[in-house]
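Here is a short briefing on side chains and how they pair. Look at the model first, then read on.

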Amino acid sequence: MDLESIEKDALEDLNQVTAVSDMETVYIKYLGRKEGRLTVILRNLGQLPPEEKKKVGQEANRVRASLEEKFSEKKALLESASLLTHLEKEKVDWSLPGLEFHRGTAHPILNAIREISDIFRKMGFDIAEGPEVETDQFNFTDLNIPENHPARDMHDTFYLEGSRVMRTHTSPVQVRIMRSAQPPIRLISPGRVFRHEATDATHAAIFHQIEGLVVDQHVSFSDLKAVLAHFSEVYFGTQTRVRFLPSYFPFVEPGAQMDVQCFLCQGTQKNSSGQACPLCKATGWIEMLGAGMVHSQVFRNVGIDPEKYSGFAFGMGVERILMTRSQVRDIRYFLESDIRFLRQFK
């Protein structure tokens, strides 16, 4: 058994290796557990006479230890060389300009909800939230929109099993609060709502609302106007003009819509070129929200005495409010992820 020849051949093959990935083949050839040339000799030592077995065994173990050491040294050398080559390629050029770090920010819709909520919080309103999947009763019936009522067409939504719907407004939150708490009540309920509508420049199937409710003794329409006028001055600016027009909503009586003076034409109904203002459609006003005095039937549905208490409610679309103040003409910009658009709201 020529152990010296095996050691010599192994070292010659090892010297030819130039990559760590190629070392395994050489290692298996000489030290592999099954068919390695040195392994075979060690496995067959039992067939030799006792005196020769001892001599060959000692020499074979010496060769194995030597080769193991040489393989380890070679592997370390190749890994070091590979690392140096990689570092050379990845060398940092400190003369290059640094990379800009982009810090994430909240979405403009979320910021608008926070800003609007903060205005009402300073007026003493609490913040209340509720589930997006609602019952038919809370979303429609308790709000004076019984089955087959024409107003349901304006609130067509996504229907689920078991008389459940994706809420069309956040008014069900108000119903839940009025059922569980006694007046005085003063709250706003922000959240996402759903309607079965085709998406265009001013409509979306999913959007956000903030609705408000005040219930107490001797609450009047003047209180409603004062609250909304103050909100408009804070959010849109002290020079903002508002007006109230009669409108119909089944859960309030009387009902009204609040308009604000057009920001683009300042109420002149024309743009800088003398043409009809495209933002307000040459009316000088933009509809902002719906409001009114809580209907007596709604009070009866939730267990509040309409002879003792009165109240007002209002609801605004967050996207519409934000679009008006920022003069954005297409709601779809807020639904997309164009970073160039979103950066304008930092």
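Is Arg179 buried, exposed or partly exposed? Arg179 is partly exposed, because its relative accessibility is 39%. The cut-offs are these: buried is under 20% relative accessible area, exposed is over 50%, and partly exposed lies in between (1.4 Å probe, protein chains only).

This is a predicted model, in which local features need pLDDT of at least 70 and side-chain atom pairs count only at pLDDT 80 or more, while totals for chains, interfaces and linings use all residues. Residues are numbered from 1 along each chain as its sequence is written, and side-chain values use heavy atoms, with hydrogens and water left out.

**Salt bridges**

- Side chains of opposite charge can pair when their charged atoms come close.
- A salt bridge here is a side-chain nitrogen of Lys or Arg within 4 Å of a carboxyl oxygen of Asp or Glu.
- The count by this rule is 9 salt bridges.
- Arg179 has a salt bridge with Asp142, and their closest N and O atoms are 2.8 Å apart.
- This pair links distant parts of the chain, 37 residues apart: Arg179 is in helix 7, and Asp142 is in the loop between helix 6 (136-139) and strand 3 (159-160).
- Helices (H or I, at least four residues) and strands (E, at least two) are DSSP runs, numbered from the N terminus.
- Asp142 counts as buried because its relative accessibility is 3%.

**A salt-bridge network**

- Asp118, Arg121 and Lys122 are linked in a network of salt bridges.
- Asp118 meets Arg121 at 3.3 Å, N to O.
- Both residues lie in helix 5 (residues 108-121), 3 residues apart, or about one turn of the helix.
- Asp118 also forms a salt bridge with Lys122, with the closest N and O atoms 3.5 Å apart.
- Asp118 is partly exposed at 30% relative accessibility.
- Arg121 is partly exposed too, at 44%.
- Lys122 is exposed, with a relative accessible area of 69%.

**Aromatic rings**

- A pair of aromatic rings is described by the distance of the centres and the angle of the planes.
- Rings of Phe, Tyr and Trp (its six-membered ring) pair if their centres lie within 6.5 Å; planes under 30 degrees apart are stacked, over 60 edge-to-face, and the rest tilted.
- The whole structure holds 14 aromatic pairs.
- One of them is Phe120 with Phe231, a stacked pair with 5.2 Å centre to centre and 20° between the planes.
- Phe120 is in helix 5 and Phe231 is in helix 8 (residues 221-236), so the pair links distant parts of the chain, 111 residues apart.
- Phe120 is buried at 0% relative accessibility, and Phe231 is buried with a relative accessible area of 0%.
- One aromatic cluster takes in Phe120, Phe125, Phe231, Tyr235, Phe236, Phe312 and Phe314.

**Charges over rings**

- A charge sits over a ring if NZ of Lys or CZ of Arg is within 6 Å of the ring centre and within 35 degrees of the ring normal.
- Arg325 has its charged end over the ring of Tyr235, 3.9 Å from the centre.
- Arg186 lies over the face of Phe125, 5.4 Å from the ring centre.

**A buried glutamine**

- Gln174 lies in helix 7 (residues 171-180).
- Gln174 is buried, with a relative accessible area of 4%.
- Beyond neighbours within four places in sequence, Gln174 is in contact (heavy atoms within 4.5 Å) with residues including Leu187, Glu211 and Ala313.
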